[in-house]
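Here is a friendly walk through one structure, with an eye on its loops and on one pair of helices. Keep the viewer open as you read.

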Amino acid sequence: MPYVATLAAKRLAAGRGADGLKPSPTPLVLVLGDAASRDALAAALCESVAAARVLRLRELMASASEATDTGPVSVTGRQVEELVRQRKIVPTELQLELLAAALPPDDGPPALAVLVDFPKSAVQLAALERRIGRVTCALFAGDPDAPRADMLSVGVARPLKRRRAGGVHAVGTGGASLVAALAALTAEGVLRDGVVVAPAVAPP
């Protein structure tokens with residue numbers, strides 16, 4: 001058996017895809033496009049899919065320094081608070097810690113994580129998938145090939161467009177975008193009859 005085929009078989013046996021990435025316990029869906037279109041589509045998804053949860057990094061960073069009912073401010077929260085106070089860039093690693101902590105528990109009911117403002121580059125996309133798991137797919141609110149498409153979103157979409165599965169779905173904008181998004185998530189195996197399906201994750 002050729003080396004590449006052998007490596008792919010080993011990765012699949014270990015619960016990883018041929019690209020070496022493990023699937024995320026919670027389906028990760030990126031919503032790309034301009035800010036207004038992203039927010040509108042994400043809000044519509046949450047209204048239509050009860051188990052969908054929008055994760056906005058800017059909101060997670062803003063609340064990172066607040067104590068919760070379950071405990072005091074975390075070490076990550078204090079680090080983020082200090083960097084924001086100093087008007088410094090929060091490293092990707094800390095951003096990922098906030099996102100990982102905000103994901104639904106692995107042993108809870110099936111849920112869907114909708115990311116609207118992270119990642120902002122192909123480098124951050126790679127870091128996200130190494131830290132949390134393979135992105136299920138991306139929904140592009142608009143046309144990623146349009147001349148005036150959001151350039152940050154286009155940069156994130158570019159490596160995803162090369163994937164056979166879990167790639168980019170251009171769903172347009174306006175009222176029809178939700179119908180297209182739900183159809184895309186159904187085709188990707190995330191939804192069945194409008195309900196989030198528990199992903200099949202191999203044991204570690």
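Where is the place of Asp193? Asp193 sits in the loop between β6 (191–192) and β7 (195–196); helices (H or I, at least four residues) and strands (E, at least two) are DSSP runs, numbered from the N terminus.

## About the model

This is a predicted model, in which local features need pLDDT of at least 70 and side-chain atom pairs count only at pLDDT 80 or more, while totals for chains, interfaces and linings use all residues. Residues are numbered from 1 along each chain as its sequence is written, and side-chain values use heavy atoms, with hydrogens and water left out.

## Backbone points in the loops

Asp193 has a positive phi, near 55 degrees, in a residue other than glycine. Its relative accessible area is 75%, so Asp193 is exposed. For this term, buried means under 20% relative accessible area, exposed over 50% and partly exposed in between, with a 1.4 Å probe and protein chains only.

Arg87 also shows a positive phi, about 60 degrees, although Arg87 is not a glycine. Its loop runs between α4 (75–85) and α5 (92–102), and with a relative accessible area of 81% Arg87 is exposed. A cis peptide bond leads from Phe118 to Pro119, with omega near 0 degrees. Pro119 belongs to the loop between β3 (112–115) and α6.

## The pair α5 and α6

How do α5 and α6 cross, at what angle and within what distance? Their axes come within 10 Å and cross at roughly 50 degrees; axes are lines fitted to C-alpha atoms, for helices over the stretch in contact, and angles run from 0 to 180 degrees between N-to-C directions. That angle makes α5 oblique to α6, because angles under 35 degrees count as roughly parallel, over 145 as roughly antiparallel, 65 to 115 as roughly perpendicular and the rest as oblique.

On the α5 side, Thr92, Gln95, Leu96, Glu97 and Ala100 meet Gln124, Ala127, Leu128 and Arg131 of α6, where contact means heavy atoms within 4.5 Å. The residues of this contact divide into four nonpolar, three polar and two charged. Here Ala, Val, Leu, Ile, Met, Phe, Trp, Tyr, Cys and Pro count as nonpolar, Asp, Glu, Lys and Arg as charged, and the others, Gly among them, as polar.

## What surrounds the two helices

Within α5, the buried residues are Thr92, Leu94, Gln95, Leu96, Leu98, Leu99 and Ala102. They pack against β2 (52–55), α3 (57–63), α4, β3 and α6.

Within α6, Gln124, Leu125, Ala127, Leu128 and Glu129 are buried. Their cover includes β1 (28–33), α5, β3 and α7 (151–160). After α6 comes Gly133, with a positive phi near 145 degrees.

## Thr136 and the cysteines

Thr136 lies in the loop between α6 (122–131) and β4 (137–141). Is Thr136 buried or exposed? Thr136 is buried, because its relative accessible area is 18%. Leaving aside residues up to four places away in sequence, Thr136 touches Pro27, Leu28, Val29, Gly166, Glu188 and Val190.

Cys137 counts as buried, since its relative accessibility is 0%, whereas Cys46, at 25%, counts as partly exposed. A search of the whole structure finds zero disulfides, a disulfide being a pair of cysteine sulfur atoms within 2.5 Å.
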